[in-house]
Amino acid sequence: MAADGPAPPAGTGPTPVKIREVTGDERLTTSFPLQSYAFGPSSAPPTDEELRPALPYHEGNRTMVVQDAGVTVAAASAIPMWQNLRGRVLDVAGVAWVVTHPLARRRGHSRDLLHHLLGEMRQQGHVASALYPFRSSFYARFGYLNLPKPRTVTFRPEDCAPLLKADLPGDITWRPFADGYDDYRLFQRRLLDRRHGFAMPPEHQSAAARDAGDRWLATARIDGEVVGMVTYRIDGQGGRLRADDLLTVDAFGRALLLRFFALHVDQVSEVVLTVAADEAPELWLSDLTARVETVISFPSAPPPMARLLSVEGLRGVEAGPGRVGVEVVDDPFMAGRYRLDGAGGRLVVEPGAKRVSAVLTAAGLSGLVYGVLDPVDVLARGLGTFADDAVAQLRSLFPRAVPCVFPPR
Ligand SMILES: CC(C)(COP(=O)(O)OP(=O)(O)OC[C@H]1O[C@@H](n2cnc3c(N)ncnc32)[C@H](O)[C@@H]1OP(=O)(O)O)[C@@H](O)C(=O)NCCC(=O)NCCS
């Protein structure tokens with residue numbers, strides 16, 4: 001199937017297997033054919049001409065492959081991104097396009113490749129990793145755990161009509177997404193600084209959405225300053241206005257954008273909008289009839305997942321006044337003992353704690369730091385065990401906080 005030939009049949013004995021990085025045009029004959037088979041409609045080997053247009057959007061990614069006797073049998077990529085974790089913007093490795101040749105599956109290739117790729121990203125300073133799984137249990141083996149998924153809100157534009165008469169400051173500009181792309185990136189950067197969990201993809205990846213040319217962009221401004229943005233498309237008269245992520249800094253940004261949707265009352269029957277997991281549309285307007293939902297299914301509608309790659313890299317994240325010695329176990333990247341102290345409002349991490357009162361898996365610690373698990377959840381999920389007052393100390397160090405995670409665009 002791949003341009004460099006079929007995989008060797010199972011059971012041919014030891015062959016020289018190596019993991020290496022591929023860059024540039026090499027992707028056309030190594031990683032891309034496997035990825036195209038696994039993730040697209042597939043009925044014939046893709047041609048170079050079909051694959052080449054995607055190359056620029058992968059150029060900043062770290063793509064690694066497993067080759068067995070020269071044949072590419074597995075591939076995976078890491079996308080260097082940024083994410084706000086409790087007030088600090090950290091380098092985070094987005095993992096994508098993990099695939100093994102159909103004849104080489106269940107032989108441990110993806111496991112070896114992921115360990116290698118995550119190790120390299122950690123060495124380059126990436127403190128955590130995030131991804132969208134085809135199935136969570138596969139990535140749970142690698143220390144990842146589920147994060148909250150954004151909700152969709154479906155409502156009729158006429159329900160936002162009261163906003164047409166509301167005394168709101170500011171105005172809306174409306175243009176093709178490609179025209180407002182630079183402003184959109186700047187606004188994402190501002191949200192990255194302020195919202196826990198918010199992630200920003202690199203320029204080379206976002207450029208794919210800009211070049212697709214299939215979105216409008218509405219921008220809310222007050223006194224010239226952007227307070228809200230949303231990209232969207234309309235699927236036809238009387239149909240739906242399908243909006244992507246509602247990005248706002250405050251309630252004025254949201255109200256201005258909802259008012260803009262109200263102006264589409266004669267054009268569409270419904271607006272479908274993606275909002276962060278902690279949004280409550282019942283608080284937006286008095287008589288808004290809406291359906292708020294999230295569908296979780298694999299592989300087509302998974303929740304995001306994340307894991308930490310480094311405990312030392314968490315220094316300086318916002319923390320409560322707890323203090324505890326923890327041991328991370330069963331993990332190639334973080335195993336060891338650490339003393340965690342949040343007394344000054346920012347986390348201090350000292351390796352080599354003498355006294356340990358919490359034993360945590362990578363997923364257990366990740367869940368606490370991302371704010372999605374309470375220590376009792378960690379216990380109940382079998383992701384850690386505690387002694388003495390560790391539950392209270394960890395709860396104080398890492399209070400629950402809903403991360404605002406949107407798909408990278
Ligand atoms: C999913 C996929 C990448 C796994 O690759 P692989 O090389 O067969 O995986 P490995 O042999 O390295 O398996 C690693 C571990 O995951 C387990 N595993 C493999 N496939 C799994 C699955 N579908 N669900 C849950 N666990 C799975 C294995 O049993 C093994 O567990 P172990 O470490 O306890 O022994 C491969 O089946 C594939 O290419 N699928 C199609 C593309 C795809 O869905 N990619 C994922 C995109 S997010």
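**Figure 1. Gly371 follows helix H8 in this predicted model.** Gly371 comes directly after H8 and has a positive phi, near 85°. Helices here are DSSP runs of H or I with at least four residues, strands are E runs of at least two, and both are numbered from the N terminus. Buried means under 20% relative accessible area, exposed means over 50%, and partly exposed lies in between (1.4 Å probe, protein chains only). The buried residues of H8 are Ala362, Ala363, Gly364, Leu365, Ser366, Gly367, Leu368, Val369 and Tyr370. The model is predicted: local features need pLDDT of at least 70, side-chain atom pairs count only at pLDDT 80 or more, and totals for chains, interfaces and linings use all residues. Residues are numbered from 1 along each chain as its sequence is written, and side-chain values use heavy atoms, with hydrogens and water left out.

**Figure 2. Val328 sits in strand S17.** Val328 belongs to strand S17. The residue is buried, at 2% relative accessible area. Contact means heavy atoms within 4.5 Å. Setting aside residues up to four places away in sequence, Val328 touches Val311, Met334, Ala335, Gly336, Tyr338, Leu360, Thr361, Ala362 and Leu365. Val328 and Ala69 are 259 residues apart along the chain, and their C-alpha atoms are separated by 37 Å.

**Figure 3. Leu394 lies in helix H10.** Helix H10 spans residues 390–397 and includes Leu394. Leu394 has 0% relative accessibility and counts as buried. Its contacts, not counting residues up to four places away in sequence, are Val324, Val326, Ala358, Leu368, Pro375 and Phe386. Leu394 and Arg135 are 259 residues apart in sequence, and 29 Å apart in space from C-alpha to C-alpha.

Figure 4. Most residues other than glycine have a negative phi, and most peptide bonds are trans. Asp330 is not a glycine, yet its phi is positive, about 55°. Asp330 is in the loop between strand S17 (323–328) and strand S18 (336–341). At a relative accessible area of 74%, Asp330 is exposed. Asp223 also is not a glycine and has a positive phi, about 50°. The loop that holds Asp223 runs between strand S10 (216–222) and strand S11 (225–234). Asp223 has 81% relative accessibility and counts as exposed.

**Figure 5. The peptide bond from Phe298 to Pro299 is cis.** Omega for this bond is near 5°. Pro299 is in the loop between strand S15 (290–293) and strand S16 (305–308).

**Figure 6. Thr274 and Arg254 are both buried.** Thr274 is part of strand S14 (residues 270–275). Its relative accessible area is 14%. Beyond neighbours within four places in sequence, Thr274 is in contact with Pro150, Arg151, Thr152, Ala243, Asp244, Asp245, Leu246 and Phe406. Arg254 is in helix H7 (residues 251–262). Its relative accessible area is 18%. Arg254 touches Leu246, Thr248, Glu279 and Trp284, not counting residues up to four places away in sequence. Leu246 is listed as a contact of Thr274 and of Arg254.

**Figure 7. The whole chain gives the setting for the close-ups.** The chain has 10 helices and 21 strands. Its radius of gyration is 23 Å, close to the 22 Å of the globule rule for 409 residues, so the chain is as compact as a globular protein of that length. The radius is taken over C-alpha atoms, and the rule is 2.2 Å times the number of residues to the power 0.38. The C-alpha trace spans about 75 × 60 × 35 Å along its principal axes. Of the 409 residues, 51% are buried. Among contacts with a separation of 6 or more, 73% join residues 24 or more positions apart. An automatic or database domain assignment sets the domain bounds. The chain is divided into domain 1 (17–131), domain 2 (151–293) and domain 3 (307–397). The centres of domain 2 and domain 3, taken over C-alpha atoms, are separated by 37 Å.
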